[in-house]
Amino acid sequence: MTEAVTTPSPHEPPLPPEKRSGSAGGITPADIRDGAAAALLIGVAGVLLGVLWAWLAPKAQYVSNGEAVFLRNSESEARIGADGTFFLLSLGFGVLSAVLVFLWRRRGGVPLVVGLVLGSCFAALVGWRVGLWLGPSSDVAAAAVKAGKGVPFDAPLQLLAQGVLLVWPMVAVAVHLGLTALWTPHDPDPSADSDWAPYPPPHVHATPSDGPSAPEPPRG
């Protein structure tokens, strides 16, 4: 008994090569742990942002006449300066965090970028709230009574342009992606792997010129 062998039609598209297990493009538990660790460490760094902002930001001053509180200098740019200080600090922290994460894990990956984004957003919020907490008291009336009539006192920190909270995550992602694109080696082309042979093999479908010649008709 002979077993029938079915050969694929030459008009059928070739089957794609099978993927190897443990592909370099897959997400592993180690990648997820790295992303979570990056988010945690960057989020904690937001405390340092708040400390520096409360220390370096210029502060407006109020003065009380015993009945109301007024700006000591109505033309002061201290309020804008507080936003600018937060912007510059966030810019520096964004670049620094992106470089450190890249040096720590050069291979990059989606979980690492997600951890960088989440950690940077959380760090910006932490820095903002810590700066407000460390800065002058937000109870202006109590501060005016404590300072006394006609004595200037520092106004509480304010972040007028809250869009600067996005500076750290945006800069961190942009710098990290740029570093990854420039200095991370790319995965090899699967088609160049010698272990992957084309399907079907060339000898399965022979061309008419390669097959046996047809018998000649009998001559009369």
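Across the chain the pLDDT averages 77, and 69% of the residues score at least 70. Among the elements of the chain, helix 3 has the highest mean pLDDT, at 94, whereas strand 2, formed by residues 69–71, has the lowest, at 68. Where pLDDT is low, the predicted coordinates should not be read in detail.

The largest nonpolar core comprises 24 residues, and those with the most contacts inside it are Trp53, Phe86, Leu159 and Trp168. At least two residues of this core are supplied by each of helix 1 (29–56), helix 2 (78–104), helix 3 (110–134) and helix 5 (167–183). When residues up to four places away in sequence are not counted, Phe86 touches Leu49, Trp53, Ala124, Gly127, Trp128, Leu159, Val164 and Leu165. A second, separate core of 6 residues includes Ala60, Tyr62, Ala144 and Ala155.

Helix 1 has 28 residues and reaches 41 Å from its first C-alpha to its last, which is close to the 40 Å expected at 1.5 Å a residue. Its buried residues are Asp31, Asp34, Gly35, Ala38, Ala39, Ile42, Gly43, Gly46, Leu49, Gly50, Trp53 and Ala54, and what covers the buried residues of helix 1 includes helix 2, helix 3 and helix 5. Two of these buried residues, Leu49 and Trp53, are among those touched by Phe86.

Tyr62, a member of the second core, lies in strand 1, which spans residues 61–64. With a relative accessible area of 12%, Tyr62 falls under the 20% cut-off and is therefore buried. Although Tyr62 and Pro156 are 94 residues apart in sequence, their C-alpha atoms are 9.6 Å apart in space.

His176 has its place in helix 5. Because its relative accessible area is 1%, which is under 20%, His176 counts as buried. Leaving aside neighbours within four places in sequence, His176 is in contact with Ala98, Val101, Phe102, Gly108, Leu112, Val113 and Leu116.

Key. Residues are numbered from 1 along each chain as its sequence is written. This is a predicted model: local features need pLDDT of at least 70, side-chain atom pairs count only at pLDDT 80 or more; totals for chains, interfaces and linings use all residues. Side-chain values use heavy atoms; hydrogens and water are left out. A nonpolar core is a set of buried Ala, Val, Leu, Ile, Met, Phe, Trp, Tyr and Cys residues joined through side-chain atoms within 4.5 Å. Buried means under 20% relative accessible area, exposed over 50%, partly exposed in between (1.4 Å probe, protein chains only). Helices (H or I, at least four residues) and strands (E, at least two) are DSSP runs, numbered from the N terminus. Contact means heavy atoms within 4.5 Å. The expected span of a helix is 1.5 Å times one less than its number of residues. pLDDT is the predictor's confidence in each residue, from 0 to 100.
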